Every structure is written in structure tokens, then in C-alpha cells.
Amino acid sequence: MTLDALTEHSIALIQKFCADDQSITCAFSGAEDVVVLDLLRRANRSMPVFAVDTARLHLETVTYIQRVQQHFNLDLTWIKPDPKAVASFEHQNGRFSFYEDGHLACCNLRKTEPLRAYLTQFDGWLTGLRRDQNPNRGTLPELQLDPVFKGLRGPLKKANPIASWSREDVDTYIQRYNLPQNPLVQQGYKSIGCAPCTRALKPQEHERAGRWWWETASNKECGLHQTPLPASKVV
Ligand code: SF4
């Protein structure tokens, strides 16, 4: 499919997903998912947008998210972890325990649980997930019922409007429409998460190789997006 065709398809999907009086929010990670924000604009759908501030992000990512907020005039909410829980966790485990016993406990504390609370206000959310990001996402549906979180009225709908896009499609879209980019991209980063858990890529490496690089390649999820649970009728 051409980039123009992909774009039209994704805009139509967003319009369908956000067509009724449901309460919908959109994730922004501070990376190439800026494409989804531009698709929302083109679809004439405005909604609350959130970014998860783990307090371990690169300064470049924080300033980039603020620049994107201004660029799109976003209604942006920073999701933050419970400071007491973080202090207690760090007191018990240290600030870098993820290098020893894996990233899931820290990600759960700083990302998953704060987001769980936030999403209970909504009926659905949009993400910038793509199938080509890693093998775990190879069967990602465009529309699903969220397998991790609950929404305002029970099941939470989830739309992944660029699920079928490739990394090349995304990069081409950003260049073609001159969207702001995280300055870390110029330093060799592609998939961008927290500073201690993200490194620049080496030549020929897959984009997720820079995330939690000390762990096995099959363990590149933080808990927000588990194995998709397909839903044939969510809109
Ligand atoms: S990516 Fe690293 S620092 Fe960020 S929440 Fe996960 S384990 Fe913690």
C-alpha cells in the first residue's frame, strides 16, 4: 500500500473509532508516534493526549513533548507515578535494579499502574503501535479490546491506527509533512523510552534493540501492551 493509501486508511479508522460520544484519549510517547497526532488533526478529531512521565526520561524527550504540545496545541496530561511508591521502591531496590532483575517491576510502578488509573476515565485510547516494531506485535490488530486495562464502563477499546505502517512509512511521513522530531533521533536513537533503558542503535540493528538491551530480545515490552486480544466488533 502506498503512503497516501495508508494515510487515508488510518484517518478513516480514527474517524470511525472516534465517531460517537465515547470518551477517547491518545497516547504520545515522545517519539515517531507524532504521526498519530498529525493523523488526528487531519481526521478533525481533538481529544485529550497523555504522556507518561516516568521521571527517568531524557531531557530531550521532555522538551520535545512540550514542543509537540505547542505545535498541535494539545490538551496534554503528564501521567506520573506515585512519588511515595517510587521512593519506597528505590529505597528497597536502588535506582538501577532493572539492570539486575529485569525492567518489569520498575515499568509497572512508573508506567503501568499510573496509566491504569488514568485510563479508567475513558472508553478507549489510541496508540502508535506498529506490527513491525517487534515480534510480539506481529499480529497486532488495528482495533482490539485492551488486554491490560479497564475503561470507564468496563472493557477499554484500543485503536492502533498505524499498526500496518512500516518504520520507513513513518519516517517518510515525518519528513514529508515536516513534523517535529525528537532530537535523539539525530543521535542514532529510534525506539525511545527512559534514559537508563534506551541506547542509540548500532548499524543494522532493529529499532527495538536499543530498549532494555541487556535483556533477551523477546522481552521488549514494558507491560502496557501485552499480547493483543482481538475483538472483531469494537466500533
Ligand atoms: S524503562 Fe527503565 S527506567 Fe523506565 S520505567 Fe521501565 S525499567 Fe524503569
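In which helix is Thr172 found?

A: Thr172 lies in helix 7, which covers residues 167–176. The model is predicted, so local features need pLDDT of at least 70 and side-chain atom pairs count only at pLDDT 80 or more, whereas totals for chains, interfaces and linings use all residues. Residues are numbered from 1 along each chain as its sequence is written. Helices (H or I, at least four residues) and strands (E, at least two) are DSSP runs numbered from the N terminus.

Thr172 is partly exposed because 13 other C-beta atoms lie within 10 Å; buried requires 20 or more such atoms, exposed 12 or fewer, and partly exposed falls in between, with C-beta atoms placed from the backbone. Thr172 and Leu3 are 169 residues apart in sequence, yet their C-alpha atoms are 8.3 Å apart in space.

The protein chain has seven helices and six strands, running α-β-α-β-α-β-α-α-α-β-β-β-α from the N terminus on. Of its 235 residues, 37% count as buried.

Helix 6 (residues 104–119) has 16 residues, but its end C-alpha atoms are only 20 Å apart, short of the 22 Å that a straight helix would reach; the expected span is 1.5 Å times one less than the number of residues. A kink of about 30 degrees lies at Thr112, shortly before Pro114, the bend being the angle between axes fitted to the seven residues ending there and the seven starting there. Buried residues of helix 6 include Cys106, Cys107 and Pro114.

Helix 6 also contributes four residues to the shell around the ligand, the largest share. This shell holds 13 residues, the closest being His103, Cys106, Cys107, Cys194 and Cys197; a residue belongs if its C-beta atom, placed from the backbone, lies within 6 Å of the molecule. The shell divides into seven nonpolar, three polar and three charged residues. Here Ala, Val, Leu, Ile, Met, Phe, Trp, Tyr, Cys and Pro count as nonpolar, Asp, Glu, Lys and Arg as charged, and the others, Gly among them, as polar.
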